[in-house]
Amino acid sequence: MKKTSMRSPLLLLLTATIWGVAFVAQSVGMDYVEPFTFNFVRCIIGGAVLIPCVALLDWLKKRDRAAGRTDKAERSDAVGQAASAPCIDERQTGKRVRRGDRTLLTGGVCCGIALCIASNLQQFGIQYTSVGKAGFITAMYIVLVPVFSIFLDKKAGKRVWLSVLLAVAGLYLLCITDGFSVNFGDFLVLLCAVAFTVHILIIDYFSPRVDGVRMSCIQFFVCGILSGVGMLIFESPSLEAIAQAWLPIGYAGVMSCGVAYTLQIVGQKGMNPTVASLILSLESVVSVLAGWVILGENLSAKELFGCVLMFVAIILAQMPEKRETK
């Protein structure tokens, strides 16, 4: 396999690893601050981290373009090139730039709204469930992505529907208590998986059309501002509490937001969204391991079997369907 073909899967694998550990940071952060406050600070940090990255990438692009123009001028005859050069309509170029800016802004805002809904549902849910369970329930987007894709005129095969049944069975074992009730936190995280499904499909649409790092930067500021509104309305933020939670918030802001979500946008560019969601779903495995190693969390035999069923569903949903032969 060529290096170029391995780049995207490796970026998404790194993303899944960072996200899996971030479940621990999100859980620990709840000991100090409330959900909206946590997401407000982490997203503003994530957006701020990307501003110098955008500036650096712009400088590198300008340098490469300048070097390319210099090399071309050295290889070409200056007089002949001037005579044969096409006339560039600056008005058309300006229209393309403005159209591209509108697409970038639209994509960033849409991603930010979806991310705000998903991340806050997840943050509220983590207060009432374990890190490992939250990771596996969030990974339901791996099954939901191909199901939602049906409404985008993309048919799902028999394996996808079988994986849905397995995933539902796994969720039952993982979430349903002896009294046949669903933990409130598990329900919130399940809604979060739906929101992340929408987020993945939005990225799939916009990432080939815009600059990924810029869109990621916009989405964090949108998510941070919206979370900040919720913080001011429903919570009582404290600078002292935020300072005490500097480590989990810092990891969630710099690594989970600034690094991982940007890697997702860059890595998912040009990839099938279903395949991308398979790789990203490995965050569930990392979250269980991180919860066990760092927080000492354990799952019962019934819950572990539920995790196994969900993981089988995750893998099965991605296996290619056999083509019918005459």
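Let's start with a pair of helices in this predicted model: the axes of helix 5 (residues 131–138) and helix 13 (residues 283–295) come within 8 Å and cross at roughly 175°. Because angles over 145 degrees count as roughly antiparallel, helix 5 is roughly antiparallel to helix 13.

Which residues make this contact? On the helix 5 side they are Val131, Gly132, Gly135, Phe136 and Thr138, and they meet Glu283, Ser284, Val285, Ser287, Val288, Gly291 and Leu295 of helix 13. By class, the contact comprises five nonpolar residues, six polar ones and one charged.

Helix 5 also takes part in a charged pairing, which brings us to the salt bridges. Searching the whole structure turns up three of them. In one, the side chains of Lys133 and Asp186 meet at 3.2 Å, N to O. Lys133 sits in helix 5 and Asp186 in helix 8, so this pair links parts of the chain 53 residues apart. Both Lys133 and Asp186 are buried.

Now follow helix 2 (residues 35–75), where Asp58 pairs with Arg214 of helix 9 (residues 212–234), 156 residues apart.

Lys61 counts as partly exposed at 38% relative accessibility, and Asp211 counts as partly exposed at 24%.

Technical notes:
Residues are numbered from 1 along each chain as its sequence is written. This is a predicted model: local features need pLDDT of at least 70, side-chain atom pairs count only at pLDDT 80 or more; totals for chains, interfaces and linings use all residues. Side-chain values use heavy atoms; hydrogens and water are left out. Axes are lines fitted to C-alpha atoms, for helices over the stretch in contact, and angles run from 0 to 180 degrees between N-to-C directions. Helices (H or I, at least four residues) and strands (E, at least two) are DSSP runs, numbered from the N terminus. Angles under 35 degrees count as roughly parallel, over 145 as roughly antiparallel, 65 to 115 as roughly perpendicular and the rest as oblique. Contact means heavy atoms within 4.5 Å. Ala, Val, Leu, Ile, Met, Phe, Trp, Tyr, Cys and Pro count as nonpolar, Asp, Glu, Lys and Arg as charged, and the others, Gly among them, as polar. A salt bridge is a side-chain nitrogen of Lys or Arg within 4 Å of a carboxyl oxygen of Asp or Glu. Buried means under 20% relative accessible area, exposed over 50%, partly exposed in between (1.4 Å probe, protein chains only).
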